[in-house]
Amino acid sequence: MKNKGKFISFEGPEGAGKTTVISVVSDRLKEQGKEVVLTREPGGIKISEAIREIILDNNHTQMDAKTEALLYAAARRQHLVEKVIPGLERGAIVLCDRFIDSSLAYQGYARELGMEEVLKINQFAIENTMPDLTIFFDIDPAEGLARIAKNDQREQNRLDNESLRFHESVYKGYQKLIQLYPERIIEVDARLSKTTVIENVYKIITSRLM
Ligand code: TMP
């Protein structure tokens, strides 16, 4: 069956402010009478949240990079079949905080597993379900990390604790993806005020997909 809904993913470095923005945009879309599924990766459902705990546990310093990539892909698979695809089939707008591009940038590029290798294992997991639109929150990685450090509500996880060099490499990975998929990935300037970023994201979604 062809999906009737819209699948939108949100990407960016740590501390780009995605989570808050997505939640406000979700409320605005609901006010317009749309069914919205607001979710995140890794997680969104019980099994994938359990996998998230394993991946992000600060004690799991011995985790191999391929194991990490496979766990993200496994969490993605379960979340997709249990939550994303059913939502799309009902005609909902699915807003997903991170998706495959995170694996390509973090595991493929920054962990140096290779973007193509990581794409391959993810194709096994997602088959052909790709976002209709991806919004990239553009912020300098150092600035993003500084924002996180200031926010004591947010716990630092195993990936947050990687070096600035790692996060700069993630950022470079994202830049490559933006070049590869210019039709799908749209950038927003995440350094602007929260209100402006929300407005810009909302406009991109409504003009591109509605
Ligand atoms: P979050 O902090 O945005 O909730 O994401 C959790 C962390 O997992 C974040 O550091 C990005 C990372 N991540 C990957 O490395 N690969 C992936 O495929 C996903 C979805 C997230």
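Start your tour at the open sheet, where five strands line up in the order E2-E3-E1-E4-E5 with parallel pairing. Keep in mind as you click around that this is a predicted model.

**Stop 1: the edges of the sheet**

Select residues 36-40 and then 185-189: these are strands E2 and E5, the edge strands, and each of them pairs on one side only.

How many bridges join E2 to E3? There are five, and the two strands run parallel. As background, strands of a sheet pair through backbone hydrogen bonds, either parallel or antiparallel.

**Stop 2: two helices on the sheet**

Select residues 18-31 to bring up helix H1, which packs on the sheet and touches strands E1 (6-11), E2, E3 and E4 (133-138). The direction of H1 makes about 170 degrees with that of E3.

Then select residues 194-209. This is helix H8, which also packs on the sheet; which strands does H8 touch? They are E1, E3, E4 and E5, and the direction of H8 makes about 160 degrees with that of E4.

**Stop 3: aromatic rings**

Now show the side chains. The count of aromatic pairs comes to six. Pick Phe-10 and Phe-137: their rings form an edge-to-face pair, 6.4 Å centre to centre with 65 degrees between the planes. Phe-10 is in strand E1 and Phe-137 in strand E4, so to speak a link between distant parts of the chain, 127 residues apart. Are these two residues buried or exposed? Both Phe-10 and Phe-137 are buried.

Move along to Phe-136 and Tyr-174. Their ring centres are 4.9 Å apart and their planes stand at 50 degrees, so this pair is tilted. Because Phe-136 lies in strand E4 and Tyr-174 in helix H7 (residues 164-180), the pair ties together parts that are 38 residues apart in sequence. Phe-136 counts as buried at 1% relative accessibility, and Tyr-174 counts as buried at 2%.

**Stop 4: charges over rings**

Finish with two arginines. The charged end of Arg-28 sits over the ring of Tyr-202, 4.1 Å from its centre. With Arg-184, the charged end sits over the ring of Tyr-181, 4.7 Å from the ring centre.

How values were computed. Residues are numbered from 1 along each chain as its sequence is written. This is a predicted model: local features need pLDDT of at least 70, side-chain atom pairs count only at pLDDT 80 or more; totals for chains, interfaces and linings use all residues. Side-chain values use heavy atoms; hydrogens and water are left out. Two strands pair if DSSP finds at least two bridges between them. Helices (H or I, at least four residues) and strands (E, at least two) are DSSP runs, numbered from the N terminus. Contact means heavy atoms within 4.5 Å. Axes are lines fitted to C-alpha atoms, for helices over the stretch in contact, and angles run from 0 to 180 degrees between N-to-C directions. Rings of Phe, Tyr and Trp (its six-membered ring) pair if their centres lie within 6.5 Å; planes under 30 degrees apart count as stacked, over 60 as edge-to-face and the rest as tilted. Buried means under 20% relative accessible area, exposed over 50%, partly exposed in between (1.4 Å probe, protein chains only). A charge sits over a ring if NZ of Lys or CZ of Arg is within 6 Å of the ring centre and within 35 degrees of the ring normal.
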